[in-house]
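Thanks for asking me to look at this one with you. Please keep the structure open beside you as you read, and find each residue as we come to it.

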Amino acid sequence: MNNLPTVTRNLLIINALVFAVTYLVPSLDIEGRLGLHFFLADDFHLYQLLTYMFVHGGFTHIFFNMFALWMFGRVMENVWGPQKFLFYYIICGIGAGLTQELAQLGSYYAEGLYAYQQVNTGTAIISTGEFLNLWNTVGASGAVYGILLAFGMTFPNERIFIFPIPVPVKAKYFVIGYAALELFLTVSSSMDGVAHVAHLGGMLFGLLLILYWRRHPGSDARFSQNRGQEFFNRMKRNFEARQRPKQPRQPETPTGRTATRQDDMNYNARKQQRQAEVDAILDKIRQSGYDSLTKEEKKRLFEASRED
């Protein structure tokens with residue numbers, strides 16, 4: 001857990017704590033208070049557009065959401081940095097909630113609920129107001145689906161394993177397949193209790209945000225870069241500066257004699273090789289984070305920071 005980037009780790013912890021409280025202290029009615037109610041219901045509160053994504057309806061629900069967040073969220077946070085990643089996650093979650101609200105509004109009018117004072121649920125006759133309070137959405141699925149989309153768009157050709165498919169699948173096909181499945185389940189009006197339209201909403205808002213960032217390259221400048229990445233960028237600049245000779249001088253060989261032209265060529269070749277090694281390591285950090293380095297690469301980077 002300590003190796004996870006900050007935001008991903010904290011999101012996992014918060015979701016786990018809320019889940020534990022939900023089932024250990026049922027009297028608090030966490031789902032009822034923090035879940036996202038239909039905006040025409042008496043139990044609706046604006047803050048629920050944020051809080052609902054930290055509440056889950058069962059172990060399977062939270063397990064798969066948190067597994068996907070752990071698997072793909074840590075990668076995207078290393079690529080984007082903590083602030084940009086958190087902003088994207090929250091926007092996708094809120095967007096998913098708004099999409100679900102819009103779908104519920106459609107059902108409200110399509111079923112003519114506005115014209116009735118009471119509703120027969122099949123087991124009891126309750127007021128329409130009580131019935132609308134039962135429309136409650138919980139879970140981080142919308143935000144997580146946005147993260148899946150971001151991973152697929154950032155690393156489209158990365159191969160991943162999906163149970164029970166026995167062969168790896170490219171990320172772009174994985175994302176397209178999931179989106180198509182959710183669209184089918186939404187259109188088929190499956191009564192499985194899953195907010196499929198919210199999943200699509202999270203992906204839609206994520207897509208719009210990524211396209212906006214790509215078409216306006218400077219629009220995400222307000223998000224400070226990951227401090228760790230900036231540290232390595234600064235290390236690279238310092239390393240390059242130290243590699244430049246301060247003043248022309250003839251390097252000496254280990255025996256103390258003046259270097260020949262061949263000695264100069266060997267020295268420059270070694271310097272260029274060291275620079276290439278450091279550049280490759282820093283590029284790997286920017287793509288996958290510091291934790292992706294091997295022990296040898298970390299040692300080489302440390303040695304490079306101390307070389308004059």
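The numbered points below go from the whole chain to single residues.

1. **What kind of model this is.** Please keep in mind that this is a predicted model. Every value below is computed from that model, and residue numbers start from 1 along the chain.

2. **The chain as a whole.** The chain has 308 residues, and 38% of them count as buried. Its secondary structure consists of 12 helices and six strands. The accessible surface is about 18,400 Å², and carbon and sulfur atoms account for 60% of that area. Now consider contacts between residues at least 6 apart in sequence: 66% of these join residues at least 24 apart.

3. **Helix H7, its length.** How far apart are the end C-alpha atoms of helix H7? This helix covers residues 141-154, and its ends are 20 Å apart.

4. H7 is largely enclosed by the rest of the structure, because 12 of its 14 residues are buried. Among the buried residues are Gly142, Val144, Tyr145, Ile147, Leu148 and Phe151. What lies around them? The cover includes helices H4 (59-80), H5 (82-110), H8 (171-187) and H9 (196-215), together with strand E5 (159-160).

5. Ser141 belongs to helix H7. Its relative accessible area is 8%, so Ser141 is buried, as the cut-off is 20%. Setting aside residues up to four places away in sequence, Ser141 touches His61, Asn65 and His199.

6. **The largest nonpolar core.** As background, nonpolar side chains tend to be buried together in soluble globular proteins. In this model, the largest nonpolar core has 50 residues, and those with the most contacts inside it are Phe72, Met76, Trp80, Phe85, Tyr88 and Tyr89. The elements that each give two or more residues to this core are H1, H4, H5, H7, H8 and H9. H7 gives the most, with eight residues. There is also a second, separate core of nine residues, which includes Leu113, Ile126, Phe131 and Trp135.

7. **Tyr89 and Asn15, two partners.** Once residues up to four places away in sequence are left out, Tyr89 touches Leu11, Asn15, Met53, Leu69, Ala140, Ala143 and Ile147. Look next at Asn15, which lies in helix H1 (residues 6-24). Is Asn15 buried or exposed? With 0% relative accessibility, Asn15 counts as buried. Beyond its neighbours within four places in sequence, Asn15 is in contact with Met53, Phe54, His56, Ile62, Met66, Tyr89 and Ala140.

8. Leu17 and Phe54 are 37 residues apart along the chain, while their C-alpha atoms are separated by 9.3 Å.

9. **Aromatic rings.** The structure holds 22 aromatic pairs. One aromatic cluster is formed by Phe38, Phe39, Tyr108, Tyr109, Tyr114, Phe131 and Trp135. Phe131 and Trp135 were named above too, as members of the second core.

10. **Charges over rings.** Which residue lies over the face of Trp70? That residue is Arg74, at 4.2 Å from the ring centre. Likewise, Lys84 lies over the face of Trp213, at 4.5 Å from the ring centre.

11. **Asp29, a backbone detail.** Asp29 lies in the loop between H1 and helix H2 (30-34). Its relative accessible area is 40%, so Asp29 is partly exposed. Most residues other than glycine have a negative phi. The phi of Asp29, however, is positive, near 50 degrees.

12. **Glu130, a last stop.** Glu130 is in helix H6 (residues 128-133). With 46% relative accessibility, Glu130 counts as partly exposed. In sequence, Glu130 and Val119 are 11 residues apart; in space, C-alpha to C-alpha, they are 8.9 Å apart.

Key. This is a predicted model: local features need pLDDT of at least 70, side-chain atom pairs count only at pLDDT 80 or more; totals for chains, interfaces and linings use all residues. Side-chain values use heavy atoms; hydrogens and water are left out. Rings of Phe, Tyr and Trp (its six-membered ring) pair if their centres lie within 6.5 Å; planes under 30 degrees apart count as stacked, over 60 as edge-to-face and the rest as tilted. A charge sits over a ring if NZ of Lys or CZ of Arg is within 6 Å of the ring centre and within 35 degrees of the ring normal. Helices (H or I, at least four residues) and strands (E, at least two) are DSSP runs, numbered from the N terminus. The expected span of a helix is 1.5 Å times one less than its number of residues. Buried means under 20% relative accessible area, exposed over 50%, partly exposed in between (1.4 Å probe, protein chains only). Contact means heavy atoms within 4.5 Å. Accessible areas come from the Shrake-Rupley method with a 1.4 Å probe; for residues, only the protein chains shown count as cover. A nonpolar core is a set of buried Ala, Val, Leu, Ile, Met, Phe, Trp, Tyr and Cys residues joined through side-chain atoms within 4.5 Å.
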